Amino acid sequence: MTSPVTREAPVTVRVFTQRFSSTPRGARLARRLTLHQLDRWRIPYGSEASDTAALLVAELAANAVTHGRVPGRDFELTLSYTPGLRLRIDVSDTRGERRPAATTPGPLDEGGRGLLLVGALASRWAVLDRVPVGKTVRAELDLAVP
């Protein structure tokens with residue numbers, strides 16, 4: 001007795017990883033390089049997926065620079081793209097003891113809305129431990145098949 005053969009389309013996961021200085025300039029560069037890399041992966045500038053990913057990277061990188069900065073240490077951006085299915089954005093820093101939490105800011109608070117934005121734009125997000133030190137904030141976008 002033999003089992004029926006099912007053919008599935010091969011899935012190629014594309015990955016981009018880069019370290020940036022923990023400065024506002026590094027956060028801006030992370031956003032710009034994300035847009036460039038997505039365009040190379042055929043997610044065009046100005047598309048909904050590209051714009052959403054840029055906002056997510058901008059927020060997560062700004063948080064890494066502002067709240068996760070350790071002098072002399074960089075933050076790291078990793079983009080993992082499964083064509084037509086998912087884009088995963090990981091931003092890692094070396095400050096593991098300062099974990100982000102989504103809170104509801106008061107109407108006069110000047111900050112605290114960034115992770116609300118991440119929660120609204122991402123399909124899901126999480127905070128993961130980073131080995132050997134630090135944390136990774138992950139946001140995922142489910143992509144519609146064209």
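**Exercise 1. In this predicted model, find the residue of strand E3 that stands opposite Tyr81.**

*Solution.* Start at Tyr81 and look across to E3: the residue opposite is Leu87. E2 (75-82) and E3 (86-93) pair in the antiparallel sense, over seven bridges.

**Exercise 2. Work out the order of the strands in the open sheet, and explain which strands stand at its edges.**

*Solution.* Step one: the sheet has five strands, in the order E1-E2-E3-E5-E4, with antiparallel pairing. Step two: E1 and E4 (124-129) each have a single partner strand, so one side of each is left without a neighbour in the sheet. Step three: neighbouring strands are turned by 15° against each other on average, if direction is ignored.

H2 lies across E2, E3 and E5, and runs at about 15° to E3.

**Exercise 3. Describe the largest nonpolar core, and find the element that gives the most to it.**

*Solution.* Begin with the count: this core has 28 residues, and those with the most contacts inside it are Phe75, Leu77, Leu87 and Ile89. Among the elements that give two or more residues are helix H1 (24-40), helix H2 (48-67) and strand E5 (135-142). H2 gives the most, with seven residues.

Then zoom in on Ile89. Leaving aside residues up to four places away in sequence, its contacts include Ala53, Leu56, Leu77 and Val137.

**Exercise 4. Show why the buried residues of H3 line one face of the helix.**

*Solution.* First list the buried residues of H3: Gly114, Leu115 and Val118. Seen down the helix axis, these buried residues fall within an arc of 90°, so they line one face of H3. Finally, ask what covers the buried residues of H3; the cover includes H2, E4 and E5.

**Exercise 5. Is Arg42 buried or exposed, and what is its phi?**

*Solution.* Exposed means over 50% relative accessible area. Arg42 has 74% relative accessibility, so it counts as exposed.

**Exercise 6. Which peptide bond is cis, with omega near 10°?**

*Solution.* Look in the loop between E4 and E5, where Pro132 is found. The bond from Val131 to Pro132 is the cis one.

Technical notes
Residues numbered from 1 in each chain as written. Predicted model: local features only at pLDDT ≥ 70, side-chain atom pairs only at ≥ 80, totals over all residues. Heavy atoms only, no water. Core = buried A, V, L, I, M, F, W, Y, C linked by side-chain atoms within 4.5 Å. Buried < 20%, exposed > 50% of the residue type's maximum accessible area, 1.4 Å probe, protein only. Helix = DSSP H or I, 4+ residues; strand = E, 2+ residues; numbered from the N terminus. Contact = heavy atoms within 4.5 Å. Pairing = 2+ DSSP bridges. Axes fitted to C-alpha atoms, helices over the stretch in contact; angles between N-to-C directions. Arc of directions from axis to C-beta.
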